Amino acid sequence: MDGREPGGEGRSGADPQAVSAWAVDRVAAAAERIAPLAALHTTAVKGGLARVLAAFAAERLGPHHFASVSGYGHGDLGRAVLDRVFARVLGAEAAAVRLQFVSGTHAIAAALFGVLRPGDRLLALTGRPYDTLEEVIGLRGTGQGSLAEFGIHYDELRLEPNGMVDSAGLADALAVPTRLVLIQRSCGYSWRPSLRLAAIGELIERVKALQPSCVCFVDNCYGEFVEACEPPAVGADLIAGSLIKNPGGTIAPTGGYVAGRAELVEQACCRLTAPGIGSEGGTGFDLYRLLFQGLFLAPQMVAEALISAELVAAVFDGLGYAVQPLPGGERGDVIQAVQFGAAPPLQTVCRAFQACSPVGAYLDPVPAPMPGYASELVMAGGSFIDGSTSEFSADGPLRPPYVLFSQGGTHRCHAELALERALNALAEAGQLPDRQNRSIRSD
Ligand SMILES: Cc1ncc(COP(=O)(O)O)c(C=O)c1O
């Protein structure tokens with residue numbers, strides 16, 4: 001801890017957003033620590049933006065692509081250009097970008113149900129998939145038409161205790177015929193490093209060497225624009241993601257995408273719409289401009305989110321909490337995890353972040369059940385698009401080891417303001433590790 005003590009005089013006393021000078025100083029010190037990293041993330045925007053601009057130019061994007069055909073949506077020019085733009089940006093043979101996908105979970109489910117057939121085997125290579133996929137696979141709940149209920153056999157290669165993929169166990173796990181392997185790029189709600197594209201590429205290469213016809217599927221949620229290319233460039237056959245996260249640039253109002261080999265994209269679309277309609281139906285409700293504009297803004301937004309993540313890491317690492325990844329650590333997604341070890345500080349931080357949200361700052365986030373999740377969640381997600389988490393936000397399942405997962409941040413100063421407030425609240429509640437004379441650092 002530096003010279004100033006928690007609780008000292010800070011910004012304007014009458015201001016309800018007032019925080020102590022100690023909190024302001026801690027965040028400023030963290031911002032200084034990560035300044036070289038911030039510069040690197042900012043530099044990387046150029047490459048991502050160049051990818052988007054090249055795709056727009058190659059597809060001759062014009063204002064006439066912003067409108068849609070109503071009803072069936074057959075022959076919709078805007079939709080066709082949007083699909084081709086996304087395919088180029090994602091390095092895929094084809095893509096289907098649809099507002100009819102409710103979420104990332106829905107796009108992933110369409111991909112899995114579209115490709116897998118009764119009797120097929122699905123193998124998760126990155127441990128237990130994200131919480132909302134448990135009911136899709138059939139690991140939780142009954143009577144909803146899960147993959148298990150349609151006769152798809154599921155297995156999982158557990159992660160190593162350090163959160164890494166069990167590469168030594170891969171050959172055994174693939175000793176039986178497997179139709180599809182699921183690779184999750186982002187950490188989700190687990191305490192594990194996100195996967196970098198080089199690691200995803202190596203994994204896919206090994207899978208293909210063992211079973212050449214096995215479909216390599218990547219859950220790409222929260223990963224877009226974090227690196228210079230996307231999973232199809234390292235051999236992924238099919239990927240899926242959410243439009244209201246990274247590629248929506250805070251502008252896309254809803255939706256998701258699938259991308260990859262054309263035949264697999266079509267199978268996923270047949271699940272979204274109906275066999276025979278596939279990718280050829282579905283209106284864009286005259287909202288395509290928002291999807292193109294969101295994609296245009298996405299590289300910049302992702303860079304700011306990465307800078308915000310570095311800041312969160314530096315602030316909480318500086319206080320002695322375990323953080324994943326460390327400032328400057330390898331990142332394959334925009335998520336920053338902080339381990340609190342108990343529910344009260346996790347809730348205090350969420351409350352402070354919510355109070356700094358652009359929408360719903362007056363709300364008190366209380367742990368609550370959420371469709372698709374087994375655990376209660378506490379969510380500080382006052383974003384303009386419901387559930388997008390793209391403005392600076394944080395959430396976590398209320399289960400040990402009580403990890404806060406923060407993400408988003410369209411401006412790094414939003415993260416700074418929210419962090420100042422969180423430190424202030426932790427200090428006021430006597431929930432800082434120094435105050436309690438204990439450390440929850442695990443390493
Ligand atoms: C790794 C991962 N996969 C899938 C999802 C599901 O996305 P959505 O919330 O859009 O359904 C999430 C959401 O946080 C995620 O982190």
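Strands here are DSSP runs of E, at least two residues, and helices are runs of H or I, at least four, numbered from the N terminus. Two strands pair if DSSP finds at least two bridges between them.

This is a predicted model: local features need pLDDT of at least 70, side-chain atom pairs count only at pLDDT 80 or more, and totals for chains, interfaces and linings use all residues. Residues are numbered from 1 along each chain as its sequence is written.

Inside the sheet, strand S4 (180-184) and strand S5 (215-219) pair in the parallel sense over 5 bridges. Gln184 has Asp219 of S5 as its bridge partner.

Next, the domains. Domain 1 covers 21-46 + 296-428 and domain 2 covers 64-287; these bounds come from an automatic or database domain assignment. Between them, 33 residues of domain 1 are in contact with 29 residues of domain 2, contact being C-beta atoms, placed from the backbone, within 7 Å. Helix H9 gives the most to the domain 1 side, with 7 residues.

Last, helix H10 (343-355). Its 13 residues should span 18 Å at 1.5 Å a residue, and its end C-alpha atoms are 18 Å apart, which agrees; the expected span is 1.5 Å times one less than the number of residues. The buried residues of H10 pack against strands S10, S11 and S12 and helix H11; buried means 20 or more other C-beta atoms within 10 Å of a residue's own, with C-beta atoms placed from the backbone.

Definitions and conventions:
Contact = placed C-beta atoms within 7 Å.
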